[in-house]
Amino acid sequence: MTAVIETTGLGKRYRRLWALSDCTLSIPAGRVVGLVGPNGAGKTTLLSLATGLLAPSAGTIEVLAGPPPTGTAQLARVGFLAQGAPVYAGLSVADHLRLGAHLNPGWDTALARGRIGRLHLDPSQKAGTLTLAIAKRPDLLVLDEPVASLDPLARREFLADLMEAVTGQQLSVVLSSHLITDLERVCDYLIVLVASRIQVAGPVEELLATHHLLSGPRRDLATQPAGQQVISANHTDVQTTLLVRTSEPVLDPAWTVSGVSLEDLVLAYMRQAGPGRRNHHLEIRK
Amino acid sequence: MTWLTWRQFRVQAATALAVLAAFAVPLAATGSHLASLYRSDGVTGCHDGGCGQLASSFLDDAGTYTVVYMLGIAAIVLAPAVIGLFWGAPLIAHEFETGTFRLAWTQTITRTRWLASKLALPGLAAIAVTAGLSLMFGWWAAPIGQAARLATGSSFPLGMGPFSLLAFDAHGITPLGYAAFAFTLGATAGILLRRTIPAMAVTLAIFAAVQVAMPLGIRPHLFPPARTTAPIGSLSSLSGATHMSGGSFAFTVRNLPSQPGAWILSTTAVNAAGQPVSAVPAACTHQGQSCLASHGIQVAVTYQPTSRYWAIQWTETGIYLALALALAGYSFWRLNRRLS
């Protein structure tokens, strides 16, 4: 399978601040990719680069084995739901669908009609704008914070609807959120982006299989084997708890080994990158 | 894309039609009366000598239409600014403000086509609206314009010559150029500033500055002015007056009899050799014009002849259209090069 998004040393600078730096990624096709990181980490910047809305300041990015979409050939292959799901205030849902039909040669009228009829859409609802992104029949669907403003029930419905739409098509999906809990039920590939840098990226199964929580008597971290990368460490007077990444089994009998949840894993990487390094001021305005 | 542009523009289009209709009603109601007044006052078939007097009396009779005349000029002069502010500035800026540019730019359409469509429909509408205003007003005010050229001692406002500040800007084809320029100026400001209100403010400031600079600094020099001299003794035939106070000259020459409606740019006192004279010769202080004439002092007048009226109209309109095209070209380049 080819990569849907492939970047090498990708960076984006706003005046003197790097919103994204040294980002090297290869996202395989056919995945539902969760892009997770705190607000201001650079998620919107990365997705804007992937959708051709921004040009990189450094490095390269390839989308669906071609340039980022600015020409019609590539634009037709990438569907995008921007942060805040912007819609034209004076246009109804029907108008937006007509817009989609006029502006996209590959528009799937039956799919759009079916979704709208089934969902009983309200103009402001995100499922409506999601329809706009899906009915153009893209190969890659990019969603920037699609559930951020939804209540828990609406979140679940939105994601269920998304999954239903995805399984019907040969579609790769990248969606971002600042909360992993939003995404863990749908994504099978995870990218953690903190303070403008990629902290970890990989298939969820693989990440869960290679990260372990170790707890045991208090000890010095310098004694850890070279194959174990310590992501986070907590010490009390008598006990040490570590989150480590290793592809080998943990053999030391002093440790009690347990699995990690995806949430623990993401939080450990966020903590490692340090809350002090978050660039809140870089959050893209809607 | 044309569908979307039309869908977003239709309210403005309806407003523009309403404005055109509101403009047409008073003109249609009074236009034929004004024309018949012109005929009944005898200006139509007048002969050289009597025309000035007949035209002046027509302008007196037409005085009741002064308000309509001034409102018509005001509407045409203000229309391009209003178009620039309310059609041009929000055109792209509002897409940036609400984030809808992200929706538009990720459909299967290039930014170039998107902008071309957004500029073309309202831009052509802007030109059409001002063309409509100018045509209607030009038809209505034609008798007044004719009389103003012929009248002796014509006065503001009905007696304004074709080149005078407000009359020139409100007649002919220049309003079309102003509208095209103001609209693209607004759109470009919106692309650069990405906020509607600042874009409106900048559009208004730049457009006002250009509209002041054009008639004062550029229009007089579009063509090299013509020049003529007249003996000072015949100054009364220049439809002007001379004052000699404290030894310096002051002329007010409103009209050249040989060039009715010409645009007088400058008047200076010159001696027999054609060199400028700045002070009244000592011998002539508190003396009459005949004293100056006996000293060989003449009046030199530079002017734009009436025959150049349309050449100046076309040139000026061309300049504004070229500015509009340059701004549009810059907008395309900017939108494609500097991605959001």
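Of the 340 residues of chain B, what percentage count as buried? In this predicted model, the share of chain B that counts as buried is 39%.

The secondary structure of chain B consists of 10 helices and 5 strands.

Two packed helices are described by the angle between their axes and the distance between the axes. Helix α7 of chain B covers residues 174-193, and helix α10 of chain B covers residues 309-337. Their axes lie 8 Å apart and meet at an angle of about 20 degrees. Angles under 35 degrees count as roughly parallel, and α7(B) and α10(B) are therefore roughly parallel to each other. The crossing of α7(B) with α10(B) is left-handed. Sorted by class, the residues in the contact of these two helices are 15 nonpolar, 7 polar and 2 charged.

The domain assignment divides chain A into domain 1, residues 3-205, and domain 2, residues 207-280. Taken over C-alpha atoms, the centres of domain 1 and domain 2 of chain A are separated by 31 Å. To the contact between them, domain 1 of chain A gives 20 residues and domain 2 of chain A gives 14 residues. On the side of domain 1 that touches domain 2, at least two residues come from each of α7 (180-183), β8 (189-194), β9 (197-203) and α8 (204-210) of chain A. The largest share of that side, 4 residues, is supplied by β9(A). The residues of domain 1 on this side comprise 12 nonpolar, 6 polar and 2 charged.

A:Ala65 has a phi near 60 degrees, a positive value in a residue other than glycine. A:Ala65 is placed in the loop between β4 (58-63) and α2 (72-75) of chain A. Is A:Ala65 buried or exposed? A residue counts as exposed if 12 or fewer other C-beta atoms lie within 10 Å of its own; A:Ala65 has 10 such neighbours inside 10 Å and so counts as exposed.

A:Glu145 also has a positive phi, of about 50 degrees, although it is not a glycine. Its place is the loop between β6 (140-143) and α6 (152-168) of chain A.

The remaining topic is the contact between the two chains. Here 28 residues of chain A are in contact with 17 residues of chain B. On the side of chain A that touches chain B, the elements giving two or more residues are α2, β5 (78-81) and α3 (93-103) of chain A. Of these, α3(A) provides the largest share, 6 residues. By class, this side of chain A holds 16 nonpolar, 8 polar and 4 charged residues.

Conventions. Residues numbered from 1 in each chain as written. Chains lettered and ligands numbered in written order. Predicted model: local features only at pLDDT ≥ 70, side-chain atom pairs only at ≥ 80, totals over all residues. Buried ≥ 20, exposed ≤ 12 C-beta atoms within 10 Å, placed from the backbone. Domains from an automatic or database assignment. Contact = placed C-beta atoms within 7 Å. Nonpolar A, V, L, I, M, F, W, Y, C, P; charged D, E, K, R; others polar. Axes fitted to C-alpha atoms, helices over the stretch in contact; angles between N-to-C directions. Parallel < 35°, antiparallel > 145°, perpendicular 65-115°, else oblique. Left-handed = near helix turned anticlockwise from the far one by under 90°.
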